[in-house]
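Please examine the structure shown below.

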Amino acid sequence: MEEANCPVCGPKAGVDSFLKAPLGKFQFYYVRCSGCGSVFLSPGLKPAELQSFYDEDYYGGEERKFRPGIETLRRLFAQARAHRTSRFFAKPGRILDVGCGQGTFLQSMQEHGWEGYGTELSPRSAARARRAGLSVSVGEIPTDAYPAASFDLITFWQVLEHLPDPAAVMGQVRRLLRSGGVMAVSTPNMESWQATVFGNKWFHLDAPRHLFLFSPRALEKIMAAHGFRLLKLSHFSWEQNPYGWLQSSLNCMGNSVDSLYTMIKDGSSTRNRRLSLAHRGKTCLVTAALLLPSVLLSVAESVLKRGATIEAFFVKD
Ligand SMILES: [Zn+2]
């Protein structure tokens with residue numbers, strides 16, 4: 001096996017085998033860093049192999065990612081996130097949303113008076129964002145396109161865990177943010193109850209697309225190494241955490257993996273068409289039964305600082 005180093009702690013910290021995540025005919029392996037408790041895919045995948053796991057089913061239908069009712073809910077969540085984020089600023093400025101998807105959050109920030117820019121790897125998602133009138137480039141962070149200190153705010157909503165080299169990206173963010181600017185992150189928490197309870201059935205593990213799963217202290221450590229100071233860290237998310245309990249429980253009941261997630265996506269994907277009526281019925285019944293327990297568990301895990309995903313705001317000193 002290749003020698004794996006933690007991107008946060010470097011070669012000094014040891015790594016141990018952690019878990020095996022099967023997906024169809026594939027097996028993926030994660031190791032855990034003894035220094036910071038983070039978990040990462042090792043051996044890694046070649047870019048072309050990784051790309052094959054971001055297909056039509058992942059990005060949803062042509063016009064939108066999810067069904068209309070779910071899109072409405074996502075818009076409300078994005079508006080709440082925009083409200084939380086704006087509170088760190090006396091007045092609106094320029095934002096770069098990395099991995100902006102179809103631009104729902106950027107639109108909400110524009111409603112708060114911000115000048116919004118986005119980057120997105122999926123041409124299909126970027127096209128949806130552009131149709132909504134947003135300025136979105138396809139690809140990774142276009143560092144050459146912007147001078148240093150171009151932005152007041154750079155956001156990574158459920159994106160850091162997908163990046164092959166998070167440390168290199170932090171360097172780019174540091175250059176693009178003005179002094180006193182804010183970087184906002186939400187990402188799965190490897191030290192959460194959900195991660196412990198569900199193991200390789202955990203919805204937020206999402207092998208092999210999630211390459212690196214942070215612990216809260218690892219996130220603080222990598223940010224501090226790049227000159228960022230923590231302003232706020234939250235363990236509660238209406239948007240991510242109750243759903244994590246729900247879908248992970250379904251995954252443990254022998255349902256096909258992430259069936260509810262498939263059902264709430266826009267109906268045109270091939271995986272969606274393949275789900276049988278009985279399977280859909282069972283998924284709906286279990287969802288109804290587990291909805292309230294999932295919310296209560298999400299509150300409890302956040303009180304004890306073991307939230308399934310964490311949301312953090314850092315300032316560039
Ligand atoms: Zn580490």
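Aspartate 206 counts as buried, because 20 C-beta neighbours lie inside 10 Å; a residue is called buried if 20 or more other C-beta atoms lie within 10 Å of its own, exposed if 12 or fewer, and partly exposed in between, with C-beta atoms placed from the backbone. This is a predicted model, in which local features need pLDDT of at least 70 and side-chain atom pairs count only at pLDDT 80 or more, while totals for chains, interfaces and linings use all residues. Residues are numbered from 1 along each chain as its sequence is written.

Aspartate 206 is placed in the loop between α7 and β9; helices (H or I, at least four residues) and strands (E, at least two) are DSSP runs, numbered from the N terminus. Lysine 305, in the loop between α12 (277–303) and β11, is partly exposed, with 14 other C-beta atoms within 10 Å. The table lists their phi angles; neither residue is a glycine.

| Residue | Phi |
|---|---|
| Aspartate 206 | positive, about 45° |
| Lysine 305 | positive, about 55° |

A cis peptide bond joins alanine 207 and proline 208, with omega about -5°. The bond from serine 42 to proline 43 is also cis, with omega near 5°, and proline 43 belongs to the loop between β3 (39–41) and α1 (47–51).

Seven strands form an open sheet with mixed pairing, in the order β6-β5-β4-β7-β8-β11-β10; two strands pair if DSSP finds at least two bridges between them. β6 (135–138) and β10 (228–234) stand at the edges with a single partner strand each, so one side of each has no neighbour in the sheet. β10 pairs with β11 (residues 309–316) in the antiparallel sense over 6 bridges, and arginine 229 stands opposite valine 315 in β11.
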